[in-house]
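Thanks for making the time this morning. I would like to walk you through a few local features, so please have a look at the model on the screen.

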Amino acid sequence: FIMFVHLGVDSVVKEDDIIGIFDLDSTTVSKHTRKFLNEAEKQKQVINVSFELPKSFILCGEKGKTKVFISQLSSSTLYKRSKIL
């Protein structure tokens with residue numbers, strides 16, 4: 001049975017596809033995270049699920065493809081919605 005996690009607005013992902021849920025404020029301090037997000041954006045792997053102030057990003061892998069979702073929901077809210085962590 002497949003569980004989905006609501007990321008905000010009209011976006012959901014399969015719980016099994018989630019690799020990690022990250023807080024933008026604390027993780028973008030690292031130059032490695034900023035570089036990763038910049039590269040993902042260049043490769044058109046970033047999907048902004050809201051036009052509000054972003055608070056988290058969700059790294060998903062589906063069928064060998066990586067996607068990064070930017071969400072207005074906090075990482076703790078998303079964590080509570082999922083059972084993966």
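Let me begin with Phe22, which is partly exposed because its relative accessible area is 30%, where buried means under 20%, exposed over 50% and partly exposed in between, with a 1.4 Å probe and protein chains only. Please keep in mind that this is a predicted model, in which local features need pLDDT of at least 70 and side-chain atom pairs count only at pLDDT 80 or more, while totals for chains, interfaces and linings use all residues. Residues are numbered from 1 along each chain as its sequence is written, and side-chain values use heavy atoms, with hydrogens and water left out.

The count comes to 1 aromatic pair, taking rings of Phe, Tyr and Trp (its six-membered ring) with centres within 6.5 Å, and calling planes under 30 degrees apart stacked, over 60 edge-to-face and the rest tilted. Phe22 and Phe57 form this stacked pair, at 4.9 Å centre to centre and with 20° between the planes. The pair links distant parts of the chain, since Phe22 is in strand 3 (residues 18-23) and Phe57 in strand 5 (residues 56-62), 35 residues apart; strands here are DSSP runs of E, at least two residues, numbered from the N terminus. Phe57 counts as buried, at 3% relative accessibility.

Turning to strand 6 (residues 65-71), we find Ser71, which is buried with a relative accessible area of 1%. Leaving aside residues up to four places away in sequence, Ser71 touches Leu7, Val49, Pro54, Lys55, Ser56, Ile58 and Leu78, contact meaning heavy atoms within 4.5 Å.

Finally, Ile2 sits in the segment before strand 1 (4-8) and is exposed, with a relative accessible area of 54%.

Key. Helices (H or I, at least four residues) and strands (E, at least two) are DSSP runs, numbered from the N terminus.
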